[in-house]
Structures are given as structure tokens and as C-alpha cells.
Amino acid sequence: MGCITDVPGVLVGHWQDEVARTGCTVVRFPPDNTASVETRGAAPGSRETALLAPGMAVRRVDAIVLAGGSAFGLAAADGVMRELEREGRGQVTPAGVVPIVPAAVIFDLIVGDASVRPGPAEGAAALRAASGSAIVDRFAGAGCGATVAKWRGETAMTRGGIGSASMAVGGAVVGAVVVANAIGDVFSLDGRSITGGPGGLVEPFWLGGGEPPLHQNTTLAVVATDAPRAETDRMVIRAQDALAATLRPAHTRYDGDTIFSVAVGRAVEADPDPDLLQEAAFLVTAAALVAAVGG
């Protein structure tokens, strides 16, 4: 179903360590864009998200970092900033450019070597690797250490990953990339269980006396479009709806579900209705999540 790199000007790069089971993914954008973010999980790890709220002076990004390593992985954005500064990319100030690089992280420290986390060098490497190629390896970048279905216990836990999808909307393109690292199970929009969850109301394993997987989760996504009338604040809401429809449970106390939405506004000959763009954001986010777990 395509890839977020089908949106003109959007590039994606990865770094991962398959032995340590961690990595980071950088999504790079053309200079002129508008960005939004919404977090619905109760345990997020992020940086530079406040400036994307409505009413803020700077609502654009140069790149977005999705990383493993929990809060340690936020350091990957430092390397991305340095690389972009060398290119002269960023917000212009009297003292030079300041690249705008929001970041969000998943907790993957339980599956590999917890002492290995993406840092500045790894973030820079992912940026240098950014290209318009499709994402074909669901264990690339930030998907390397992702896991899902943890609410049913260790025996049910299975690998998550990174997935992407896109679709054409009235001459424009809407695309999404998703890192699936949820406490819940993944379902298709038609209700098919992808990761083996029962789909009904089932008591989580910790009610039987175990310890809940605190802060060991989080699903991340970036939605992008080249449509000129895109309303990123509304698109990101609809993209979050896709997580609610395909993750059971979603947005829990143990997840930090965060989605970014970016409009690069290059399809000047296309002018799709904003409501169609929002629905496309819903559909591609759901498709990218299913792809992230191999569904």
C-alpha cells in the first residue's frame, strides 16, 4: 500500500543494531511545511513537541526522530541537529540556524542489550541514510526492538516493527510510518486479529499477581501529505483514531502513543477536501500499523 516516501520531498533513513535490538528512524522534510503532534498515551518520551501546539510561533520541522532506547534515545536528535546545521537547515536566528527536530521514543530496553541506545552518532547516521526508498524491512531503525501484545504476558509477547503506507487523494498523497511497540494486540480495521489477541474484554495478566510492563511500550507514527489545504491538527487526531481502532487496548497508562502530522504543501494543482485528507490519514495509519507487525 505504498510508503510515506511517496509524499514528494519526504525522506526516511534508519540505523539499527540487530544484536542489541534497538535503533532509530529519521523522517526528513522539505523546508516549507506545517507540523502538529498529539499524544494520547500516558507514558510518553519526547522532545520539542510543545512548539508544535496550536498558537506556537514555530510550527514547522526539519526532521522527526523516532527512536528506541527509552528516554536515552532522545539523544539521537542531537546528531540529527548537528548534521542539519552543517547543511544550513533550520530556523534562522541572528546567531545562525537552529534545526527543528522533534523526537519521540519507544521502550525497547527489555529485549536486547539495555546498555546500547541510539545517540547522536546513530541519529546522524540515520539522517545521512535518508532516501526516498520504500521501507521494506519491518525490523529496520526504530522497529528493531519493538514488541507488541505484552498485556497478555511474556509468552504472548511478539515482535512489532516499523511499517508504512500511502494513498492518493485527489491528486495529492497521504502517507504514514508507524513504529508498533504497543502493550496491546494489533487488529485490522475489519476486526481480524493480527497478533493473536482475542479481541474481547480480557483481564491483563498482572491482575493475576504479576507486575505490569510499566513504560515498556508506546506506538509512534508520522503522517505526511503534500496537499495544500491539509489541516495537520485535524489529521493527527484522525491518525490517533486509527490506533484506537487497531490496537486493543490502546492509549493505556503504560503506552506513550504519539503521532506527528506534517504537511509539505507541494501539490499545488491538487486541492482535496480537508475531510478526505483526514480520512486518508486514518486509513494509511491503520495500514502502516498492520504492516509493522507483518500483517
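Thirteen salt bridges, that is, 13, are present in the predicted model, a salt bridge being a side-chain nitrogen of Lys or Arg within 4 Å of a carboxyl oxygen of Asp or Glu. Residues are numbered from 1 along each chain as its sequence is written, and side-chain values use heavy atoms, with hydrogens and water left out. Because the model is predicted, local features need pLDDT of at least 70 and side-chain atom pairs count only at pLDDT 80 or more, whereas totals for chains, interfaces and linings use all residues.

One of the salt bridges pairs R40 with D241, with the closest N and O atoms 3.3 Å apart. R40 is located in the loop between β3 (34-39) and β4 (46-47), and D241 in helix α3 (residues 232-246), so the contact ties together parts 201 residues apart in sequence. Helices (H or I, at least four residues) and strands (E, at least two) are DSSP runs, numbered from the N terminus. R40 has a relative accessible area of 29% and is partly exposed; D241, at 25%, is also classed as partly exposed. By this scale, buried means under 20% relative accessible area, exposed over 50%, and partly exposed in between (1.4 Å probe, protein chains only).

E279 forms a salt bridge with R238, the closest N and O atoms lying 3.0 Å apart. E279 belongs to helix α4 (residues 274-292) and R238 to helix α3, so this pair ties together parts 41 residues apart in sequence. Both residues are partly exposed, E279 at 32% and R238 at 23% relative accessibility. Through shared partners, salt bridges join E38, R40, R238, D241 and E279 into one network.

A further salt bridge is formed by R47 and D78, with the closest N and O atoms 2.9 Å apart. This pair links strand β4 to helix α1 (residues 76-87) across 31 residues. D78 is partly exposed, with a relative accessible area of 27%.

Five strands make up an open sheet of mixed pairing, in the order β1-β2-β5-β8-β4; two strands pair if DSSP finds at least two bridges between them. The edges are β1 (11-17) and β4, each of which pairs on one side only. Strands β5 (residues 63-67) and β8 (residues 103-105) run parallel and are joined by three bridges, and L66 stands opposite A104 in β8.

Helix α1 packs on the sheet, touching β2 (22-28), β4, β5 and β8, and its direction makes about 155° with that of β5. Contact means heavy atoms within 4.5 Å. Helix α2 (residues 120-128) lies across β1 and β2 and runs at about 45° to β2. Axes are lines fitted to C-alpha atoms, for helices over the stretch in contact, and angles run from 0 to 180 degrees between N-to-C directions.
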